[in-house]
Every structure is written in C-alpha cells, then in structure tokens.
Amino acid sequence: MIDVLISFISVNGSPGVSTVALALGWVWPRHAVVAECDPAGGRALSVFDPDGRHGRTGVFELMLQARTMPLHRAMSSQLLVLPDGTGRHHLLPGVSSPREADSLDWRRLTSLFLDLETVDVLADCGRFRSRAAAAAALSEADLVVAVVSNRRGSLQAFAKGVDVIREEHGVFDDEGLVVLITDPDPRFHQRYPHTEIGKELGLHVVGALPWDPANAAQFSDLHRPGRKFETSPLLAHARKTADEIGRRAMQRMSWLRKPPPVVSGHVR
C-alpha cells in the first residue's frame, strides 16, 4: 500500500499540536512515523529519551548522513521506536534550533516521506508561520490537519488565518484542510458544539480530543504512564480520530496521486 503524508499545524492561542500528533501516532492503525517538522525545534526526544541513551538523532542528522548514503537508509538509522508495545510506530526527532531548520533541504525530506511505502508519516509542523522553512511538508501533504482549541480566542484566530493557510500551501479544495478540536479545561472555558464549529469555519471537523492533562503530559513532558494510560479518555478519542483522519487522507491521496487520463495517445 502507498503511504500518506498528513501534516499538523496550530495557530496562535492553540498549543498542543505536538501532543496531538504523538497521541495519534501512538494509536495509528498502520505503520507510522511521527516526524517533528517544526522549524522552531522538536521536544519529543526529551520526552521519550530523557537520559539521552539514543544520542542525538533526528532530521538534521538524517540529512547529514544522506550525503554519504541513500536517504531511506539514513532515515531508518534516525528513528526511535515509540514504546507503545507494537513496534509499528516511530519518532523522527526534530531540529534543535531554528538555525538547523534553515539549513535543511525540506523539499528533499518531504519527497522521502512521500516515497515511503506502507508507512504513514504524521508531520508535526508546529505553529503556522508564513513562509516557514518547512513549508514543503504542508504544500505536499495529502491532508493538512489544523489543531484548534475549543476557545473563543483560538477559534477566532484560526478563522482569520484560514485563507492565508490555503493560499500559501495551495490547499483550495474542501477536503485538503480539516480541523481537529482540543477541548480546554471546562472549569474555566466555555466549549462550543463541534458541529457548530465546523459550520462556522466551513471545514470538516475530523474529531476532538478531551481535556485530559495527566495523560497528555505523557507526550509533552515525560513519558511515565500509569496503568490506566491505554484506556484513558485521551487515547480512546485519539483512536476514533486517527481512523477518521487516516480514511480522509487515503481518499485524498488517491485523488491527488492518480495518473492523468490518457486521451488518444496523449496525456491530458
């Protein structure tokens, strides 16, 4: 099977895109790599390897090794297996600084993601920035997932930025950009119905992740899960959302990558 490239972004006031990408990668139904493509730098390595036993690994080291070996082989040497017990899900750590991000050939790296077979790539692109270094990971994605907090300010900020996202990355069709809602602490924020959010934004809402700070911290601070982690509300909702995102990405990938029709011996 051909893999899909799914890129995740957030907007101002909507933190948590890295947690979302890792939570989805943890429960992804197929083989997957969560690739940290945030030009501001990656943090997941410190979550899953706080003692540094695996050394310095990631996209920067991958591209250095690719000078002397095939890109696919270089990537395999830089992957960290996520400790979910399946052996199917991996992490490709990000850069350590914006300077490293500016020096990378992101288009070549994105081409590698698209060339992988039977491995889906979930690219954590961080907060959306106009003309960001890693723009290729968005413009070439089969699906762009915007992570938006279910709060008035975050929803307004995203609504203002939708057109810019579409224009910069060529996502003009109705299926290419979707929304994933993260619910805030209900004690302090009013939450809006997810169906109403979709109607207001004019975009599909592919799922929602609940307020579950203790389990979300397993992907953002230090991975030391308790006995109930696998049955937590966060992962229960992540499984449903992963299925929906994967289905939509496969459908759009089939449409984007299908060969052009041949008419009278000529490609139209």
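This note sets out points on the sheet, the cysteines, the cavity and the aromatic rings of a predicted model.

1. Basis. The model is predicted, so local features require pLDDT of at least 70 and side-chain atom pairs count only at pLDDT 80 or more, while totals for chains, interfaces and linings use all residues. Residues are numbered from 1 along each chain as its sequence is written, and side-chain values use heavy atoms, with hydrogens and water left out.

2. Sheet order. Eight strands make up an open sheet of mixed pairing, in the order β3-β4-β2-β5-β1-β6-β7-β8. Strands (E, at least two residues) and helices (H or I, at least four) are DSSP runs numbered from the N terminus, and two strands pair if DSSP finds at least two bridges between them. The edges are held by β3 (80–81) and β8 (205–209); each has a single partner strand, so one side of each lacks a neighbour in the sheet.

3. Two bridges join β3 to β4 (residues 89–92) in the antiparallel sense. Leu80 has Leu91 of β4 as its bridge partner.

4. Strand β7. Six of the six residues of β7 (residues 177–182) are buried, so this strand is largely enclosed by the rest of the structure. Buried means under 20% relative accessible area, exposed over 50%, and partly exposed in between, with a 1.4 Å probe and protein chains only. Both faces are covered: Leu177, Val179 and Ile181 lie on one side, and Val178, Leu180 and Thr182 on the other.

5. Partners of β7. With β6 (residues 143–149), β7 pairs in the parallel sense over six bridges; Val144 has Leu177 as its bridge partner. Four bridges join β7 to β8, again with the strands running parallel, and Ile181 stands opposite Ala208 in β8.

6. Cysteines. The structure holds zero disulfides, a disulfide being a pair of cysteine sulfur atoms within 2.5 Å. For Cys37, the closest cysteine sulfur is that of Cys125, 5.2 Å away, which is too far for a bond. Cys37 is buried at a relative accessible area of 1%, and Cys125 is also buried, at 6%.

7. Cavity. On a 1 Å grid over the protein atoms alone, a cavity is a set of points where a 1.4 Å probe fits but cannot get out, and lining residues have an atom within 4 Å of a point. Among the lining residues are Cys37, Cys125, Arg127, Arg129, Phe128 and His169.

8. Aromatic pairs. There are four aromatic pairs; rings of Phe, Tyr and Trp (its six-membered ring) pair if their centres lie within 6.5 Å, and planes under 30 degrees apart count as stacked, over 60 as edge-to-face and the rest as tilted. Trp26 and Phe48 are stacked, at 6.3 Å centre to centre and 20 degrees between the planes. This pair links helix α1 (residues 17–27), which holds Trp26, to helix α2 (residues 44–48), which holds Phe48, 22 residues apart. Both Trp26 and Phe48 are buried.

9. Ring cluster. Phe219 and Phe229 have ring centres 5.7 Å apart and planes at 50 degrees, so the pair is tilted. Phe219 and Phe229 are both buried. Ring pairs link Trp26, Phe48, Phe219 and Phe229 into a cluster.

Note on methods:
1 Å grid on protein atoms, 1.4 Å probe; cavity = no way out; pocket = protein on both sides within 12 Å on 5 of 7 lines; lining within 4 Å.
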